[in-house]
Amino acid sequence: MQKLLPLVGLCAMFGWMSIHGFVHLTTISAEKSKTTTQTVVTSKTISSKAQDVKVGLQIGNIAPDFTVETLKGEKISLKDYRGKQVMLNFWATWCPPCQAEIPEMQQFYHDNDVEVLAVNLTATESSVNAVKDFTDEYGLLFPILLDKDDQLSTTYHIQPIPTTFMIDTKGIIQHKFFGALNQEQMEQALRSME
């Protein structure tokens with residue numbers, strides 16, 4: 001819990017800045033840097049064979065595998081989604097940018113052939129019931145993964161939230177986004193992986 005306290009401040013700051021229109025972060029790209037409304041780490045589609053690529057958190061790495069329980073009590077692993085494009089998103093119910101992004105994610109999931117795995121930072125929540133109430137309120141249909149012991153957020157070095165990894169059919173990270181996305185940005189990232 002102590003490791004995630006800076007996330008609360010960062011999320012509150014991003015939420016305040018988003019609401020007041022002051023978000024202005026730096027884009028990091030494999031080729032050059034430029035200014036935009038959120039931090040984006042992206043690259044052109046990686047054409048390496050998956051077996052030649054190392055596991056890691058950088059663009060072009062294979063996303064670290066995990067097995068975690070969902071809100072419905074099922075155990076799922078990232079490796080189960082090989083062969084599918086995946087949006088791996090880290091969020092919390094108390095985070096204003098996450099609250100803004102969630103309806104966009106639901107529509108993105110509904111409109112596209114993509115798997116959305118939404119990792120809730122459950123160790124920062126008041127209870128699992130708060131997460132369930134939130135997902136019921138928004139009518140979320142994609143899997144909600146529960147990071148109850150901060151293990152997954154630690155593995156993925158999550159700071160700030162929301163943070164999103166777009167992972168291709170070979171399990172390779174193609175894009176990283178820090179900050180809330182809208183549906184159009186999600187779809188652009190998805191199309192660039194095809």
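These questions and answers cover salt bridges and aromatic pairs in a predicted model.

The model is predicted, so local features need pLDDT of at least 70 and side-chain atom pairs count only at pLDDT 80 or more, while totals for chains, interfaces and linings use all residues. Residues are numbered from 1 along each chain as its sequence is written, and side-chain values use heavy atoms, with hydrogens and water left out.

Colleague: How many salt bridges does the count come to?

Modeller: Side chains of opposite charge can pair when their charged atoms come close. The rule asks for a side-chain nitrogen of Lys or Arg within 4 Å of a carboxyl oxygen of Asp or Glu. By this rule the count is two.

Colleague: How many residues apart in sequence are the parts that E115 and K84 tie together?

Modeller: The side chains of E115 and K84 meet in a salt bridge, 3.9 Å from N to O. E115 lies in strand β7 (residues 115-120), and K84 in the loop between β5 (75-77) and β6 (86-91). Strands (E, at least two residues) and helices (H or I, at least four) are DSSP runs, numbered from the N terminus. The pair therefore ties together parts whose separation in sequence is 31 residues.

Colleague: Is E115 buried or exposed?

Modeller: Buried means under 20% relative accessible area, exposed over 50%, and partly exposed in between (1.4 Å probe, protein chains only). K84 has 40%, so K84 is partly exposed. E115 has 19%, so E115 counts as buried.

Colleague: Which helix holds both D136 and K132?

Modeller: Their side chains meet in a salt bridge, 2.9 Å from N to O. D136 is partly exposed at 47%, and K132 is partly exposed at 40%. The two lie four residues apart, about one turn, in helix α3 (residues 128-138).

Colleague: How many aromatic pairs are there?

Modeller: Rings of Phe, Tyr and Trp (its six-membered ring) pair if their centres lie within 6.5 Å. Planes under 30 degrees apart count as stacked, over 60 as edge-to-face and the rest as tilted. By this rule the count is seven.

Colleague: What angle lies between the planes of F90 and F165?

Modeller: F90 lies in strand β6 and F165 in strand β9 (residues 163-167), so the pair ties together parts 75 residues apart in sequence. F90 is buried at 0%, and F165 is buried at 1%. The pair is edge-to-face, 6.3 Å centre to centre, with an angle of 75°.

Colleague: Which residues form one aromatic cluster?

Modeller: F90 and F165 form an aromatic pair. Both belong to one cluster, made up of F66, F90, Y156 and F165.
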